[in-house]
Amino acid sequence: MAELSEGAGTRPGGRSARVRAAVHRAVQDLVAEGVRTEDLTIPVVAARAGVHATTVYRRWGSLAELLAAVAEHRFTGDVVVPDTGGLAGDLERWATDVARDLADPDTLALMRASIGAGEAASCACTADRRAQITAMLDHERRRGGDVPDVDAVVDGVLAPLYYRALFEPASPGHDGGPAPEHRVRVLVGNVLDRASGATGERHRASGATGERHRAGGATGERHRASGATGERLGQAVSVSP
C-alpha cells in the first residue's frame, strides 16, 4: 500500500494535512455507509484512508479521540452566527440553520458514532454550538438588551433540536426537516419569555427590597424624632422650678 506518510516536523499544509484530511474523510464515509461504532476500528479507518494503522494511532491515540477530532472539525464554523439586530431574530435564524444541518443524514451518522464513542466525542458535537450561542448573547448585551444565560438557550433551543434529529427524525421528503421554522420560533419565544419573566421578577424583588429599606429608614427617622422629643421633655422637666 502506498501510504500517505506523515513525518515528524511536516508543515500543516503538507503531508500532515493530507493525512488528516484522508483520515477524516474515511471516518465520515464509513459512518455514512452505516458502519456501526463497534465495527469502526483504527485499522478499518486506516485501510480506507490509505495509511498505516500506526500512523493513525500515533496521531490520535484511540478511536474516541479520532471521532472527537472529526466531530470538532465538522461542527466548527459550519453555521454562521447571524446579526439581525435583535436576539430573537439571531436565535431564530441560527436555530433554523442548525435544524437544516441536522437534517443531513451524514451529519446524523457522525453524531451517532460520536455519541457511541464516549463523552469527549459527544461534547465535540456541541462545543462550537455553545460558542455560537455565547457570541449571540454577547451581541445582545452590547446592544443593551437583557439576555438569558447560555444554559437556558442550550436547554430550551439546542437540546430539543438535537433530540428531535437523533430520536424523532423526519420522514424522507419532509420539507421542514427535524425542526421546521415555526417550531424554532416557538422554542426561541419560550426561552426569551422565560428570561423576560425572570428579569421582571428580579426587578420586582429589587423594588420590594428598596421599599423595605425606605420604610426602615422612615421608621428610624420616626424613632430618632421620638427620641429627640423625649430629650426635650426631659430637659424641660429638669429645669422647671
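Predicted model: local features only at pLDDT ≥ 70, side-chain atom pairs only at ≥ 80, totals over all residues.
Student: Why is T107 called buried?

Tutor: Its relative accessibility is 1%, and buried means under 20%, so T107 counts as buried.

Student: Where is T107, and what is it in contact with?

Tutor: T107 belongs to helix α6, residues 105-117. Setting aside neighbours within four places in sequence, T107 has contacts with R74, F75, D101 and L102.

Student: What makes V44 partly exposed?

Tutor: V44 has a relative accessible area of 33%. Buried would need under 20% and exposed over 50%, so V44 is partly exposed. You'll find V44 in helix α2, residues 42-49.

Student: Which residues does V44 touch, not counting those up to four places away in sequence?

Tutor: V44 touches L30 and D39. L30 sits 14 residues from V44 along the chain, and their C-alpha atoms are 9.0 Å apart.

Student: How do you know that α5 and α8 are roughly antiparallel?

Tutor: Helix α5 (residues 87-102) packs with helix α8 (residues 127-143) at an angle of about 165°. Angles over 145 degrees count as roughly antiparallel, so that's the label for α5 and α8. Their axes are 10 Å apart, and the crossing is right-handed.

Student: Which residues meet there?

Tutor: From α5, it's L87, D90, L91, W94, V98 and D101; from α8, R129, Q132, I133, M136, L137, E140 and R143. By class, the contact of α5 with α8 has seven nonpolar, one polar and five charged residues.

Key
Residues numbered from 1 in each chain as written. Heavy atoms only, no water. Helix = DSSP H or I, 4+ residues; strand = E, 2+ residues; numbered from the N terminus. Buried < 20%, exposed > 50% of the residue type's maximum accessible area, 1.4 Å probe, protein only. Contact = heavy atoms within 4.5 Å. Axes fitted to C-alpha atoms, helices over the stretch in contact; angles between N-to-C directions. Parallel < 35°, antiparallel > 145°, perpendicular 65-115°, else oblique. Left-handed = near helix turned anticlockwise from the far one by under 90°. Nonpolar A, V, L, I, M, F, W, Y, C, P; charged D, E, K, R; others polar.
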